[in-house]
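Trainee: I'd like to learn how to read a protein model bit by bit. Can we go through one together?

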Protein chains: 4
Amino acid sequence: MGVKQKVRVGMIGYQFMGKAHSHAYRDLNFYFDNPLEAEMVVISGRNEEAVKEAQETMGWQSYETDWRKVIERDDIDVIDIVTPNHTHAEIAIAAAEAGKHIITEKPLALTVDEAERMLAAVEKNGVKHMICHNYRFAPAVQYAKKLIEDGRIGRIYHWRANYLQDFIMDPNFPLVWRLKKEVSGSGALGDIGAHSLDLARFLVGEFSELTATMETFIKERPIGEMTGGLSAKGDSSNMGEVTVDDAVTFIARFKNGALGTFEATRFAGGNRNKNKFEINGEKGSIRWDMENMNNLEVYFSGDEEGLQGFRLINCTEEVHPYAGAYWPPGHIIGYEHTFIHLIDEFLRGIHGNYQPSPNFVDGVRNQKVLEAVEKSAEEKRWIELD
Amino acid sequence: MGVKQKVRVGMIGYQFMGKAHSHAYRDLNFYFDNPLEAEMVVISGRNEEAVKEAQETMGWQSYETDWRKVIERDDIDVIDIVTPNHTHAEIAIAAAEAGKHIITEKPLALTVDEAERMLAAVEKNGVKHMICHNYRFAPAVQYAKKLIEDGRIGRIYHWRANYLQDFIMDPNFPLVWRLKKEVSGSGALGDIGAHSLDLARFLVGEFSELTATMETFIKERPIGEMTGGLSAKGDSSNMGEVTVDDAVTFIARFKNGALGTFEATRFAGGNRNKNKFEINGEKGSIRWDMENMNNLEVYFSGDEEGLQGFRLINCTEEVHPYAGAYWPPGHIIGYEHTFIHLIDEFLRGIHGNYQPSPNFVDGVRNQKVLEAVEKSAEEKRWIELD
Amino acid sequence: MGVKQKVRVGMIGYQFMGKAHSHAYRDLNFYFDNPLEAEMVVISGRNEEAVKEAQETMGWQSYETDWRKVIERDDIDVIDIVTPNHTHAEIAIAAAEAGKHIITEKPLALTVDEAERMLAAVEKNGVKHMICHNYRFAPAVQYAKKLIEDGRIGRIYHWRANYLQDFIMDPNFPLVWRLKKEVSGSGALGDIGAHSLDLARFLVGEFSELTATMETFIKERPIGEMTGGLSAKGDSSNMGEVTVDDAVTFIARFKNGALGTFEATRFAGGNRNKNKFEINGEKGSIRWDMENMNNLEVYFSGDEEGLQGFRLINCTEEVHPYAGAYWPPGHIIGYEHTFIHLIDEFLRGIHGNYQPSPNFVDGVRNQKVLEAVEKSAEEKRWIELD
Amino acid sequence: MGVKQKVRVGMIGYQFMGKAHSHAYRDLNFYFDNPLEAEMVVISGRNEEAVKEAQETMGWQSYETDWRKVIERDDIDVIDIVTPNHTHAEIAIAAAEAGKHIITEKPLALTVDEAERMLAAVEKNGVKHMICHNYRFAPAVQYAKKLIEDGRIGRIYHWRANYLQDFIMDPNFPLVWRLKKEVSGSGALGDIGAHSLDLARFLVGEFSELTATMETFIKERPIGEMTGGLSAKGDSSNMGEVTVDDAVTFIARFKNGALGTFEATRFAGGNRNKNKFEINGEKGSIRWDMENMNNLEVYFSGDEEGLQGFRLINCTEEVHPYAGAYWPPGHIIGYEHTFIHLIDEFLRGIHGNYQPSPNFVDGVRNQKVLEAVEKSAEEKRWIELD
């Protein structure tokens with residue numbers, strides 16, 4: 001494999017999405033044989049204490065409190081934008097002008113006009129650009145795309161997507177930035193509905209027309225910390241207006257003749273992050289649900305009579321995009337985290353001078369059970385354990 | 001947070017489990033505020049080319065081809081053993097004698113005698129030790145443990161566990177080391193049944209007695225590469241004897257009076273890695289399935305009449321052990337990998353000088369849809385997209 | 001219980017719905033202690049051979065080939081209308097004028113005007129009337145209604161309903177009456193969408209406004225038998241126009257402020273009869289799916305932190321409406337049919353003079369296994385069976 | 001179809017199973033074109049009041065309080081035995097001697113000796129005989145049998161069956177006859193385990209050997225009504241010994257080399273009647289669960305790589321045994337009960353002189369929504385409802 005060529009990254013922003021992106025830079029080359037390797041050069045944020053902690057925790061080499069300084073640096077090839085939505089345009093355009101490749105969180109901007117100016121800037125400056133519609137990249141979704149492109153589903157008749165959350169249902173949940181139009185552009189629509197419509201464009205095609213309705217169920221909320229934090233609590237003596245939608249529903253027609261239904265809401269109790277879709281085509285159907293992201297359900301109308309039914313496919317095999325880089329089939333993505341937790345306990349035991357579990361005592365006891373099983377099988381009798 | 005105290009790790013072995021452990025050292029402090037930080041000092045393996053590649057890919061500082069040299073090094077605090085089962089005892093005892101903390105893959109050893117000598121060694125030398133029963137550390141399993149300890153399930157009546165795989169069902173699958181008793185100790189029993197019985201001990205308690213049967217359905221296989229590789233293909237002109245079990249079933253009684261049923265097999269088609277259990281107690285029941293590892297199903301007999309039923313709990317909230325370190329509720333463990341794949345595509349675009357997708361063009365198109373939705377909702381009419 | 005008062009029924013029509021209604025009259029008093037008992041007096045249809053066979057198979061006392069004669073009879077208290085949609089109005093109005101109680105299949109009529117004339121007729125004549133929105137009467141749906149009325153879900157935010165079928169996806173499926181607007185009024189909309197909107201009105205409340213789109217994917221079909229048969233095959237040399245919708249999607253607002261999304265289609269491959277809905281309210285959520293009609297999924301946001309999740313409730317207990325009249329909990333509706341099949345086999349054996357299975361030979365063999373289990377448990381050893 | 005030849009039935013017993021069998025006689029010819037038709041001549045039971053009510057409710061022509069009188073009658077062709085287990089042998093032998101065909105509930109008898117005498121009696125007298133292992137007759141199970149016989153699964157490696165109930169977990173549940181060995185023979189074993197082992201014999205083949213363990217978790221219970229009632233409550237001041245098993249687990253080997261695991265228990269909270277099994281063969285796997293009895297899950301290892309997964313098959317199509325006699329595909333068995341409930345409401349309205357719902361008012365309102373949908377689709381705009 002040898003030493004890889006480095007691409008030097010500067011990240012603007014450091015919260016939820018900053019963590020997700022930082023993790024990706026850290027682990028990319030651990031799993032994948034990418035020709036480049038990311039060097040996590042600098043992270044920036046206005047709150048020095050917070051950005052400094054993020055820098056250390058996430059493994060960045062340095063930090064800045066002014067994003068412009070990041071863009072001005074010569075030792076940066078890529079600008080990664082994970083700030084609130086209203087700042088994307090200014091940062092991206094500046095980064096493009098500075099000749100940096102750009103990756104930004106979605107939605108791209110607050111308005112089409114802003115978005116078009118951003119696109120013009122990257123095109124003018126000849127830099128590479130991506131927008132983080134990450135759900136496209138679940139192995140099951142990539143595999144769905146392949147099935148569609150290979151004609152396995154045939155002409156598409158229906159797309160139906162729900163993106164359901166419930167984290168702001170409590171009327172005391174505070175007026176965070178995600179609930180202010182001037183910062184976030186919209187509510188459920190831009191935050192989660194944007195993912196559904198991007199998946200629709202990815203898998204079905206371009207929209208032809210649509211009709212929609214939006215609703216804000218809780219119109220005033222306590223003014224709290226204007227952070228992106230999802231679990232903050234507000235102060236009910238000081239109320240402010242919610243200026244974005246709590247929920248949006250729309251029906252659409254695609255250019256290829258398919259019908260689409262969409263629903264994005266933060267008021268669907270019990271659905272923490274239910275991002276799901278179903279596609280019905282002339283030859284088959286496909287279903288996916290982020291809460292079981294490794295699975296894809298696929299139906300083929302050409303299957304033998306009597307044996308037609310949705311197949312529950314665990315997309316963890318070599319043939320499933322990206323999956324081969326991870327663990328053996330059936331060891332779903334996320335399996336690796338059980339080891340992190342175990343090592344966490346191990347290191348705590350070493351540091352705190354206590355003996356963590358499971359340990360060699362368990363090893364001995366387990367071995368006694370294993371041996372009893374083998375002895376029982378051999379001697380065909382019950383074996384007692386001491 | 002500040003600079004952490006380092007614990008210096010040497011790993012013996014580098015394949016499937018080596019990758020899982022390496023990942024844990026890499027990412028532990030990214031997610032968790034552990035007082036220690038692992039320094040990935042050295043990895044060892046007999047095949048120099050392979051271990052060198054593992055060293056680079058997984059991020060170890062150096063490599064060795066003789067595990068004894070790792071143990072002899074003064075700059076190593078922890079020995080992590082991920083070699084085939086028959087080597088665990090010798091390495092662990094040597095590591096203990098050298099005063100190293102030890103973490104080893106399961107099963108601990110090939111025999112109870114070996115296991116007891118290993119335990120004696122770590123106890124004599126006062127080192128910390130762990131055995132990698134990683135499934136204990138899934139947040140849902142940890143939460144199940146808490147519910148049981150809090151008395152929420154009451155007296156336990158039943159434990160039933162299946163660990164079902166299907167990766168060796170093809171008779172042409174070769175005679176890898178996992179199918180030779182002298183290397184692996186046993187087959188399905190030690191490899192996967194060991195996890196089930198450890199979970200039983202963790203959640204239910206110690207065994208009292210058991211009776212078992214084992215079977216080898218395919219008794220001869222082509223002699224292939226004696227590696228741990230799970231997808232190798234053999235040569236049918238040169239057959240060797242399978243000396244371990246393909247499947248084991250047993251029933252047991254626990255010291256607390258519960259009944260247990262166990263089944264571990266590599267011949268359960270369609271079950272890639274189906275590690276699941278159900279517990280029935282006097283006040284409730286618990287179900288878990290590794291293929292949906294973020295979920296826990298919990299039943300309480302004390303729930304209101306008419307509303308009794310298994311609750312499907314997505315263990316991704318602050319209150320669920322380890323889960324708070326990751327993503328917002330409902331964003332299951334594994335969510336972060338979608339970003340790795342996206343960044344993989346981004347860097348390939350930069351390296352290969354092509355424009356990856358989704359990009360700002362998608363951002364603009366998506367923004368047009370978002371704007372159309374808002375306009376439609378406002379004007380209460382269909383909006384066409386160009 | 002004693003001899004019940006009879007209510008004398010005349011049925012107009014005899015196909016799919018005729019069978020479902022006939023079964024209900026037959027079995028009502030078997031399960032329920034209804035104060036009345038239906039006497040199945042007469043069934044009518046234009047095709048004498050077919051209606052005669054229906055009369056015999058379904059257990060009606062007589063038949064007619066002219067529905068007017070049924071209505072004219074003095075010995076009829078109830079008229080049950082299961083004919084195609086375009087005939088409902090004429091029959092119902094005549095029946096009302098004749099002073100008969102009326103039950104009719106849905107949709108009530110082809111137009112609002114027709115429907116209003118029907119309503120006026122029953123009201124003028126003081127007869128009882130029902131429309132067969134049978135899904136309201138699934139125990140799980142009745143229980144959902146009760147939970148909502150008891151305030152357990154609180155203010156309702158969302159209703160989403162899909163009614164998905166796939167029986168006409170084959171372009172060679174013929175132009176049956178259900179595909180002609182003059183007979184059926186509409187396609188997926190009136191046939192299945194009507195059920196979804198009725199369930200919405202039952203569980204959420206009245207509509208305020210809506211916007212919709214409809215599509216006919218296959219615009220011409222072979223002209224075949226103009227029956228209601230669902231499996232007929234057409235002749236492709238003689239094509240006719242499909243004049244109803246294959247699919248409809250709409251979004252709505254309810255008077256109580258809830259948002260609704262609806263989709264009814266016959267082009268959703270793999271969904272044979274997927275009639276499902278989800279309701280999200282301020283205190284909880286409810287999900288139901290006809291394909292698992294005995295189950296109800298219920299979520300309460302007031303459940304203890306960490307233990308919040310959808311409960312899968314098998315609505316087969318005394319407390320669930322109608323369920324107590326059937327079998328013990330967990331023996332779902334439909335359980336009884338396994339006995340019909342067994343008795344079918346038994347009677348065929350008697351008639352055909354062969355010995356059906358399972359029989360006393362199986363009884364003996366099973367008993368030997370039972371005895372072996374008991375002996376094994378007692379003697380704690382393996383028992384061989386001969 | 002014409003007038004059918006009658007077979008005259010006398011039933012001994014009238015409780016839970018009496019109801020299930022009576023229903024089958026009533027409805028057999030409604031659904032199936034069986035060459036015979038059952039005449040429900042006489043039902044018998046010792047409690048005159050109860051048996052008289054059963055006679056009326058279930059539609060028997062007469063009743064007896066002494067079963068011997070039923071057997072002595074010349075106008076009876078078939079004896080159907082649904083009494084407690086300890087009476088099966090005496091009744092069946094007497095019926096066989098009287099030349100009656102016999103159908104009996106399971107288990108056949110209390111002992112192998114009894115069972116063999118019963119078999120000898122039916123064989124000597126040349127009568128037809130069946131034992132009611134009704135689960136064999138679920139369409140999905142019959143279809144599973146067909147797949148196995150057609151070689152679609154290949155050599156069978158594994159059978160695993162759970163039959164889990166929870167109806168006696170409350171220690172105050174009384175000492176009903178099912179808990180007394182002298183009446184029922186055994187507990188969970190004979191009551192529900194018997195079904196699992198019969199399904200195993202039906203689908204896998206004969207047993208070779210087995211080893212088992214049994215447990216009675218609650219050893220004393222209040223002496224209550226010694227009926228078969230499943231919901232009785234006992235008197236805790238008067239306790240008696242439970243003499244049957246609460247739970248049994250066993251592992252087995254079949255003559256064809258397959259391994260089997262079995263668990264039958266009445267102490268599995270949340271599992272009301274969880275009768276399920278999984279079969280793993282060399283070419284595929286099959287799963288079934290009575291709580292979703294219309295579904296069968298089938299896996300084929302020969303499916304295309306990447307698209308392998310369990311198919312969820314709704315066994316409601318013509319090709320699925322027995323299913324064609326019912327409703328269109330996807331309208332699961334049990335669908336018909338929604339109509340019974342609706343008719344129940346209708347007749348109550350007529351009797352009680354109130355107007356039941358849904359009625360023509362709903363019909364009109366629904367029609368207005370349907371019309372609004374059509375108008376909205378046509379005019380492409382929101383439509384208000386009054």
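Trainee: Where does Pro107(D) lie?
Mentor: Pro107(D) is in the loop between β5 and α5 (112-125) of chain D. Helices (H or I, at least four residues) and strands (E, at least two) are DSSP runs, numbered from the N terminus. This is a predicted model: local features need pLDDT of at least 70, side-chain atom pairs count only at pLDDT 80 or more, and totals for chains, interfaces and linings use all residues. Residues are numbered from 1 along each chain as its sequence is written, while chains are lettered from A and ligands numbered from 1 in the order in which they are written.

Trainee: Is the peptide bond from Lys106(D) to Pro107(D) cis or trans?
Mentor: Start with the general idea: most residues other than glycine have a negative phi, and most peptide bonds are trans. The bond from Lys106(D) to Pro107(D) is cis, with omega near -10 degrees. Another cis bond links Ser357(D) and Pro358(D), where omega is about -5 degrees. Look for Pro358(D) in the loop between α9 (337-352) and α10 (360-379) of chain D.

Trainee: And what is the phi of Tyr322(B)?
Mentor: Tyr322(B) isn't a glycine, yet its phi is positive, about 70 degrees. You'll find Tyr322(B) in the loop between β16 (310-314) and α9 (337-352) of chain B.

Trainee: Now sheets. In what order do the strands of the open sheet in chain D come?
Mentor: In general, strands of a sheet pair through backbone hydrogen bonds, either parallel or antiparallel. Here, two strands pair if DSSP finds at least two bridges between them. Chain D has an open sheet of six strands in the order β3-β2-β1-β4-β5-β6, with parallel pairing. β3 (62-64) and β6 (129-131) of chain D are at the edges with a single partner strand each, so one side of each has no neighbour in the sheet. From one strand to the next, the twist averages 25 degrees. Strand β2 (residues 36-44) of chain D pairs with β3(D) over three bridges, in the parallel sense. Ser44(D) stands opposite Glu64(D) in β3(D).

Trainee: What packs on that sheet?
Mentor: One helix is α9(C), which touches β1 (5-12), β2, β5 (101-104) and β6 of chain D. The direction of α9(C) makes about 110 degrees with that of β2(D). Another is α1(D), touching β1, β2 and β4 (78-81) of chain D, and its direction makes about 150 degrees with that of β2(D).

Trainee: How do I describe the way α9 of chain C and α1 of chain D cross?
Mentor: Two packed helices are described by the angle between their axes and the distance between the axes. Axes are lines fitted to C-alpha atoms, for helices over the stretch in contact, and angles run from 0 to 180 degrees between N-to-C directions. The axes of α9 (residues 337-352) of chain C and α1 (residues 16-31) of chain D come within 8 Å and cross at roughly 70 degrees. That makes α9(C) roughly perpendicular to α1(D); angles under 35 degrees count as roughly parallel, over 145 as roughly antiparallel, 65 to 115 as roughly perpendicular and the rest as oblique.

Trainee: Which residues in α9(C) meet α1(D)?
Mentor: Phe339(C), Ile340(C), Ile343(C) and Asp344(C) do, and their partners in α1(D) include Ala20(D), Leu28(D) and Tyr31(D). Residues are in contact if their C-beta atoms, placed from the backbone, lie within 7 Å. Ala, Val, Leu, Ile, Met, Phe, Trp, Tyr, Cys and Pro count as nonpolar, Asp, Glu, Lys and Arg as charged, and the others, Gly among them, as polar.

Trainee: How many residues does the contact between chain B and chain A take?
Mentor: It takes 122 residues from chain B and 122 residues from chain A. Helix α10 (residues 360-379) of chain B supplies the largest share of the chain B side, 17 residues. That side has 66 nonpolar, 34 polar and 22 charged residues. Strands join in too: two bridges connect β8 (residues 207-215) of chain A to β17 (residues 383-384) of chain B, and these run antiparallel. Glu209(A) has Glu384(B) as its bridge partner in β17(B).

Trainee: And what about chain B with chain D?
Mentor: There, 33 residues of chain B are in contact with 33 residues of chain D. β11(B) gives the most to the chain B side, with five residues.

Trainee: Last one: how confident is the predictor in chain A?
Mentor: pLDDT is the predictor's confidence in each residue, from 0 to 100. Chain A averages 94, and 96% of the residues score at least 70. Over residues 226-231 of chain A, though, the pLDDT is below 50. For the complex, the predictor gives an ipTM of 0.94 and a pTM of 0.95.

Methods. Two residues are in contact if their C-beta atoms, placed from the backbone, lie within 7 Å.
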